[in-house]
Every structure is written in C-alpha cells, then in structure tokens.
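Me: Got a minute to go through the cavities and the ligand site with me? Here is the model.

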Amino acid sequence: MKRENRLIIYGIILCLLVVSISGCGREIPEEEIKSIKIGVTVYDQYDTFVSQLIERFNSYASEKETETGIAINLEVYNAADSQSTQNNQVETMLNDRCNVICVNLVDRTEPTTIIDMAEKNDVPVIFFNRELVAEDLERWDKLYYVGAKALESGIMEGEIAASVFKNNPEADKNEDGIFQYIVLEGEAGHQDAIVRTEYSVSTIIEKGVEVEKLNYAIANWNRAQAQTKMAQMLGEYGNSIELVLANNDDMALGAIDALKAAEINPERWPVVVGIDGTSVGLEAVKNGEMAGTVYNDKEGQAKAMLELAYRLSTGGSLSGLDLENGKYIRLPYAKVGPDDVEEYMNRDSRVP
Ligand code: GAL
C-alpha cells in the first residue's frame, strides 16, 4: 500500500477511536435516561450532623425519583476517618460508573488524588461540609462545593451568648461584670472550627460584653470527648466557668453530660451554647439545658446537593441553582432560642 493511503487509513482509524471514546459526541437526552448513579462518601458516619444530612439527602433522592421517574441509585460509603480509605472508595465509585461523586473530605487539605481520578474519568465531584481551599476547587471546572456560610455561625453564637449575659444577671455568677468562658473546639484545621471559635468570641466583645478566656479544648465534634475535656476543666476551674462556647451541639451536650456527672445543681450551670440544631441539640434548647444553638441548614444543604448532583448526572442546566462563582452553594444559618425552637423541631422532624 502506498504511504499516503496508509496515512489516510490510520487517520480514519484514529477518528473512529476518538468518536467512540467520546460516546459518538452525543449526550443522552434527559427523556431517554432511565437511571443515574450517585456516589457519596462521608468522613465519619457517626458524626451526628453529617449523618442527619445524609438521611435528608436519601429522602430528597426518593422524592426526586417519584417526581421524575428516573431511578436514582445511591452508593454511600463511610471513610471512617481515613483519607486513603476515602480515595479507594472514590476509585470504586468511578469503576462502578457513578455519574457524579459527593465527597465529605476526611482531610480537607488532601483532595488531590480524588480530583485527579475524577478528572481522568470526567466525573464531576461535589465536595460538601468540609471545605477545601479555593485553589483546589479551581483546579477543574467540574468541581463544586455545597456547605454553609461559615462566618455566620460564629457571629450568631456570639450574639446568643452576649444577649444571655445582658438579659440574665445570674449568668455572671461571680458578679464581676466579665463573662468567664471556655471553648470546646471541633477538629484542628477544620474551616468551621476556626471561624466559629474566632467569631463567637469577637462578636461577644463587639456586643459590649467583657470576656475572659479560662481555657479551651479540642474535642473533634464528639460528645464523649467533650465530656472528658469538660470534666477536666470543671476540675480545674469549677464554678468559675460562666459560659461554654461549643463549636457544635454534640460537644455542648458533652459539656452538659459532664455537669450532670459532677452532680452540679442546674441553677449553678454555666450558660451553654452550641451550633447545628441537630435533633438532640434542639431538644436540649427546648428543655433549657442549652441557652441556644445556631441552625446549620441540613435540609437546605441536602436538597441543594441532590439537585446539583441530579442536574450534573442528567446533563441538565445549572441555572437557577444559586451557584456562587459557578462553583459554590452556601446556605445561611439561623439563631435558635427557646422562643423559636419548636419551629425548628418541626422542620427537623418533617420527612421531606
Ligand atoms: C460542621 C458541623 C459539625 C460536624 C462537622 C463535620 O459543619 O457543625 O457538627 O458535623 O461539620 O465536618
């Protein structure tokens, strides 16, 4: 065969290959799609807030199936606090041909392996709840983030604490006009722990209340760890603790567990404030054990994530999704006190 003919044949073979790899350059129209597959991996399935968020996500997926007639298959994995386990789970989900993958990163500074694998397979990724740095999210155009407006949670927690101090003279147990506080912090390096600690305190000061920090402890969002840390701090500071600022409800409840275990009369308890509005957190606001919490909108986040995942899987337009910079969906927080706790309890218990 002449050299030019050979080149033409190679060229045709190459073109055929490209066309078949790219699915003949044709997207399947939405009306022909019968099912989609969404992969989800969470950093720790025993985290109260994250598990409630995933429960809502499942419910919204069933609702969407009924509404559209398209079967939504969910594959949900627990990374059990190991980034390498999570990377393997993403690999499995890609091999299983998930149309989109939702990742609650174990280590928010280590998304590289996941991003590289997803890009190679051309499968979009929605990161949620544990926010990676902006530069990482910029690395590919099919990366998204769904979460909350982190700053607000700290500011609102500070507002609740300041208003309790101003309106309840008994909160200032030693009557020195200063709010002596301790902080129970989530994980070191977690975006929410950092801003909640900083802004809760700075907001109390901004509201005109003088504060004194007695101590802080890291309790990894965890109730049992918070109880242990609170018991230690009670041993050290006893009755001098007037305020417990917890980065989340589970740790606020751990502090309350420690107060109960130490058999301290509830009249002498410090003011305890949390964040999340989990079912147990709301219950504690209702029964007066917690002064308030800040609602982390799990329904809004789950719904937004499902809608985004659905549209990415079916090739639908993303318009109307309230995407900041084409990549971020952030839901607002809300303050919850004894007066409006019922409203949030109804919202929390309503199955979507
Ligand atoms: C926060 C939430 C915490 C914990 C953490 C896990 O937004 O308030 O309770 O769930 O996420 O990343």
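Me: By class, which residues does the lining of the second largest cavity have?

Reply: It has 4 nonpolar, 5 polar and 2 charged residues. Ala, Val, Leu, Ile, Met, Phe, Trp, Tyr, Cys and Pro count as nonpolar, Asp, Glu, Lys and Arg as charged, and the others, Gly among them, as polar. One caveat: this is a predicted model, where local features need pLDDT of at least 70, side-chain atom pairs count only at pLDDT 80 or more, and totals for chains, interfaces and linings use all residues. Residues are numbered from 1 along each chain as its sequence is written, and side-chain values use heavy atoms, with hydrogens and water left out.

Me: Which residues line the second largest cavity?

Reply: Among them are Asn129, Glu131, Tyr145, Gln191, Asp192 and Tyr333. Strand E5 (143-148) gives the most, with 3 residues. H7 also supplies at least two. Helices (H or I, at least four residues) and strands (E, at least two) are DSSP runs, numbered from the N terminus.

Me: How much space lies in the second largest cavity?

Reply: About 60 Å³. Grid points are joined across faces, edges and corners, and a volume is the space filled by probe spheres set on the points.

Me: How many cavities does the search find?

Reply: The whole structure has 2 of 30 Å³ or more. On a 1 Å grid over the protein atoms alone, a cavity is a set of points where a 1.4 Å probe fits but cannot get out. A pocket is an open set with protein on both sides within 12 Å along at least five of seven lines. Lining residues have an atom within 4 Å of a point.

Me: And what volume has the largest cavity?

Reply: About 100 Å³. It is lined by 13 residues, and Asp47, Phe49, Asn129, Trp221 and Asp276 are the closest to its centre.

Me: What takes the space of the largest cavity?

Reply: The ligand. A molecule sits in a cavity or pocket if more than half of its atoms lie within 2 Å of its grid points.

Me: Switching to pockets. What lines the second largest pocket?

Reply: It has 27 lining residues, with Val164, Asn168, Val271, Gly288 and Ala291 nearest its centre. H6 brings the largest share, 5 residues. By class, there are 13 nonpolar, 6 polar and 8 charged. About 570 Å³ of space lies in this pocket.
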